[in-house]
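Please work through the exercises below with the sequence and the model at hand. Each task is followed by a solution in steps.

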Amino acid sequence: MTTKIKTKAKSRLFEAVHETAGDLHRLGFIDKRKMSKFDALCLNPVPEYDSQKIRALRDQLQLSQAVLAAVLNTSLSTVRKWEIGDKHPSGPSLKLLNLLDRKGLEAVL
């Protein structure tokens with residue numbers, strides 16, 4: 001897998017295909033671009049987080065905006081903008097929010 005955050009495969013068959021592709025990638029037979037295509041094909045996408053979902057997650061974890069920003073390694077103003085809907089998380093922040101949602105705070109710390 002090209003990312004360090006493990007994402008659940010769509011099925012056991014896709015899991016086997018992705019594992020084989022990952023092994024071929026590590027051995028140098030599949031380049032990074034082709035591995036990204038296998039990731040997109042075999043792995044469930046990370047869901048989007050809107051302002052209400054981010055606020056609900058923060059409330060569930062009993063975190064302030066400042067603490068959530070520190071956990072996600074982003075700024076307080078970014079978290080504020082997410083919660084009022086001016087911005088939307090993407091990339092690593094989106095994956096970390098999903099990890100927090102699925103596994104809890106202990107998985108990120």
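The model is predicted, so local features need pLDDT of at least 70 and side-chain atom pairs count only at pLDDT 80 or more, while totals for chains, interfaces and linings use all residues. Residues are numbered from 1 along each chain as its sequence is written, and side-chain values use heavy atoms, with hydrogens and water left out.

**Exercise 1. Describe the packing of helix 1 against helix 2.**

Step 1. Two packed helices are described by the angle between their axes and the distance between the axes. Helices are DSSP runs (H or I, at least four residues), numbered from the N terminus. Axes are lines fitted to C-alpha atoms over the stretch in contact, and angles run from 0 to 180 degrees between N-to-C directions.

Step 2. Helix 1 covers residues 12-26 and helix 2 covers residues 32-42; their axes come within 10 Å and cross at roughly 170°. Helix 1 is therefore roughly antiparallel to helix 2. Angles under 35 degrees count as roughly parallel, over 145 as roughly antiparallel, 65 to 115 as roughly perpendicular, and the rest as oblique.

Step 3. Contact means heavy atoms within 4.5 Å. On the side of helix 1 the residues are F14, V17, H18, A21, G22 and H25, and they meet K32, M35, F38, D39, L41 and C42 in helix 2. The residues of this contact divide into seven nonpolar, three polar and two charged. Here Ala, Val, Leu, Ile, Met, Phe, Trp, Tyr, Cys and Pro count as nonpolar, Asp, Glu, Lys and Arg as charged, and the others, Gly among them, as polar.

**Exercise 2. Describe how helix 3 packs against helix 5 and against helix 6.**

Step 1. Helix 3 (residues 51-61) and helix 5 (residues 76-84) pack at an angle of about 120°, their axes being 6 Å apart. This makes helix 3 oblique to helix 5. S51, I54, R55 and R58 of helix 3 make the contact with W82, E83 and I84 of helix 5. By class, these residues are three nonpolar, one polar and three charged.

Step 2. For helix 3 and helix 6 (residues 91-103), the axes come within 11 Å and cross at roughly 45°. These two helices are therefore oblique to each other. K53, I54, L57 and L61 of helix 3 form this contact with L97, L100 and D101 of helix 6. Five of the residues are nonpolar, none polar and two charged.

**Exercise 3. Which residues of the largest nonpolar core touch the most other members?**

Step 1. A nonpolar core is a set of buried (under 20% relative accessible area) Ala, Val, Leu, Ile, Met, Phe, Trp, Tyr and Cys residues joined through side-chain atoms within 4.5 Å.

Step 2. Of its 15 residues, I54, L68, L72, W82, L97 and L100 touch the most other members. Helix 3, helix 4 (65-72), helix 5 and helix 6 each supply at least two residues, and helix 4 gives the largest share, four residues.

Step 3. Apart from neighbours within four places in sequence, L68 is in contact with I54, R58, L63, V79 and L100.

**Exercise 4. Locate K81 and L109.**

Step 1. K81 lies in helix 5, and at 37% relative accessibility K81 counts as partly exposed. L109 is in the segment after helix 6 and, at 71%, counts as exposed.

Step 2. K81 and L109 are 28 residues apart in sequence and 23 Å apart in space, C-alpha to C-alpha. L109 and L72 are 37 residues apart along the chain, with their C-alpha atoms separated by 9.8 Å.

Technical notes:
Buried means under 20% relative accessible area, exposed over 50%, partly exposed in between (1.4 Å probe, protein chains only).
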